[in-house]
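Visitor: Please show me the model, and then take me through it in questions and answers.

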Amino acid sequence: MSFKKNKYAVVKQAISKDLATFLANYFSMQKQVYDTCRAERYLSPYEHIIGNYESKDEQIPDTYCQYANIAMETLLLKCQTLMEKTTGLKLTPSYTYARIYKKGDVLNRHKDRFSCEISTTMNLGGDDWPLCLNPDPKGGYLHGKLYGQYGIQDYKETRDQGIKVHLKPGDILIYRGCDLEHWREKFKGKECIQVFLHYSDRKRLGSKHSLFDGRVHLGLPHCFQKKR
């Protein structure tokens with residue numbers, strides 16, 4: 001499949017199943033540590049250094065997640081060569097976002113902000129939950145400001161059924177997140193662990209602002225982003 005032509009591609013076993021399982025177990029243990037620390041009032045509700053639960057005004061309410069987990073940011077660099085080979089582009093690493101999805105979760109249709117120009121979703125473990133995307137770049141559109149701090153604004157979705165991409169642990173779907181509308185339908189499984197790896201096209205005007213998503217270096221939480 002040509003990424004240049006289709007704006008998306010699937011790579012099987014981008015990392016080994018063993019490494020995917022290791023990362024899934026590591027992130028699940030981190031969630032357990034976070035839950036225990038919160039229950040014992042060891043952490044502030046606003047402490048994001050070992051993750052947090054998305055609030056009601058974010059994409060997946062009450063789901064454990066983390067922006068820029070250090071292991072996932074290391075994975076971002078590890079996969080960059082493969083990403084460049086598959087896309088035919090020289091890329092700038094932006095940031096990562098990992099989630100442990102729960103039963104009943106829904107990822108609404110959306111397109112991404114510039115820092116997610118070349119996106120990858122990787123399955124680390126759990127129950128199967130396909131990502132859907134509309135391969136037509138004209139599907140879904142914006143009529144206002146392109147992105148806010150956490151995502152796009154004034155988005156108008158389509159009702160196109162799109163295509164469903166199923167991934168096994170270690171597989172990745174690479175897609176142009178700013179161009180292709182994507183979403184996940186209601187999750188019927190118990191748990192699904194995924195990480196998003198985000199890059200930008202180095203040749204695109206303004207891509208320097210996407211380097212590390214505006215942070216000084218990888219691994220830092222989003223509060224270290226420079227004002228745009």
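Guide: A salt bridge here is a side-chain nitrogen of Lys or Arg within 4 Å of a carboxyl oxygen of Asp or Glu. This is a predicted model, in which local features need pLDDT of at least 70 and side-chain atom pairs count only at pLDDT 80 or more, while totals for chains, interfaces and linings use all residues. Residues are numbered from 1 along each chain as its sequence is written, and side-chain values use heavy atoms, with hydrogens and water left out.

Visitor: How many salt bridges does the rule count?

Guide: One of them joins lysine 7 and aspartate 179, with the closest N and O atoms 3.6 Å apart. Another joins lysine 164 to glutamate 185 at 3.2 Å. By the rule, the count is eleven.

Visitor: How many residues apart in sequence are the parts that lysine 12 and aspartate 171 tie together?

Guide: The side chains of these two, lysine 12 and aspartate 171, form a salt bridge of 3.6 Å, N to O. Lysine 12 is in the loop between strand 1 and helix 2, and aspartate 171 is in the loop between strand 10 and strand 11, so the parts tied together are separated in sequence by 159 residues. Helices (H or I, at least four residues) and strands (E, at least two) are DSSP runs numbered from the N terminus. The separation asked for is 159 residues.

Visitor: Which residue in strand 12 stands opposite cysteine 132?

Guide: Two strands pair if DSSP finds at least two bridges between them. Strand 7 (residues 131-133) and strand 12 (residues 182-184) run antiparallel and are joined by two bridges. Both belong to an open sheet of four strands in the order 5-12-7-10. Opposite cysteine 132 stands tryptophan 183.
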